[in-house]
Amino acid sequence: MSNMIQFVANHDDLSTDKGFQFKFYCDKCRNGHMSRFLPNKIGIAGELMRAAGSLFGGHFYDAGTAAYHVQRAIGGKAHDDALETAVQEGKTYFKQCTRCGHWVCPDVCWNHTAGLCEDCAPDEHEELAAQQRQAAREQIQTKTRTQDYTQNLDFLGQAQISQCGSCQAKLTPGQKFCPECGKPSAAAEPKEKFCGDCGASVKPGQRFCAECGGKQ
């Protein structure tokens, strides 16, 4: 019965008929390590036979093809041996957490003080800094939501933009005096009046009614 091969849950098999090579990844951050390339002697022999066939008019082509198929047929053990060798090599670049079983890179994802991966035992200083930044982000979101940034925006186009008749500064609706020069705006002017005797409209500043002559 074959032995259990560890450290293969997160890897890419880059092997070809020419040789074997594997890339292993950290289970947490995906940093990787590529194993040394191990040539496949049978695969190389097949390539040489195919090359010879091309040089000598194709006489060895069938032999080269046969060698390739032989390699494919018996390459299982060669592949397994190469994988086991690559695993032993790769394990020297990673650490296994005894709590969760994950293999992680020692530079980024391993808590050397606790002897566990940082998923199981976060670094206190890193965790504090991360939580502070998270709290600050949430507080900024809360405070910005309480502020009305659109109170002066007319989304429906109903408000009329007015200007000061003296300095042409922009005035908000209902503003009685210009914030730039202090002159009264149209909103500060008296509203339309009516004659108390006959009810006719009386313009601002008009001293007598134009209809009945009543004093205003």
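This is a predicted model: local features need pLDDT of at least 70, side-chain atom pairs count only at pLDDT 80 or more; totals for chains, interfaces and linings use all residues.
Ring pairs join Phe7, Phe24, Phe94 and Trp103 into a cluster.

Phe7 belongs to the segment before β1 (11-13), whereas Phe24 is part of strand β3 (residues 22-25), so the contact ties together parts of the chain that are 17 residues apart in sequence. Both partners fall in the buried class: Phe7 has a relative accessible area of 7%, and Phe24 has a relative accessibility of 0%.

Phe7 also pairs with Phe94, and here the arrangement is tilted, at 5.0 Å centre to centre with 50° between the planes. This pair links distant parts of the chain, 87 residues apart: Phe7 lies in the segment before β1, and Phe94 is found in the loop between α2 (61-90) and β6 (95-96). Phe94 is likewise buried, its relative accessible area being 6%. An accessible area of 6% is under the 20% limit, and Phe94 is therefore assigned to the buried class.

A contact of another kind, between a charge and a ring, involves Arg30 and Tyr25. Arg30 is placed over the face of Tyr25, at 4.0 Å from the ring centre.

Definitions and conventions. Residues are numbered from 1 along each chain as its sequence is written. Side-chain values use heavy atoms; hydrogens and water are left out. Helices (H or I, at least four residues) and strands (E, at least two) are DSSP runs, numbered from the N terminus. Buried means under 20% relative accessible area, exposed over 50%, partly exposed in between (1.4 Å probe, protein chains only). Rings of Phe, Tyr and Trp (its six-membered ring) pair if their centres lie within 6.5 Å; planes under 30 degrees apart count as stacked, over 60 as edge-to-face and the rest as tilted. A charge sits over a ring if NZ of Lys or CZ of Arg is within 6 Å of the ring centre and within 35 degrees of the ring normal.
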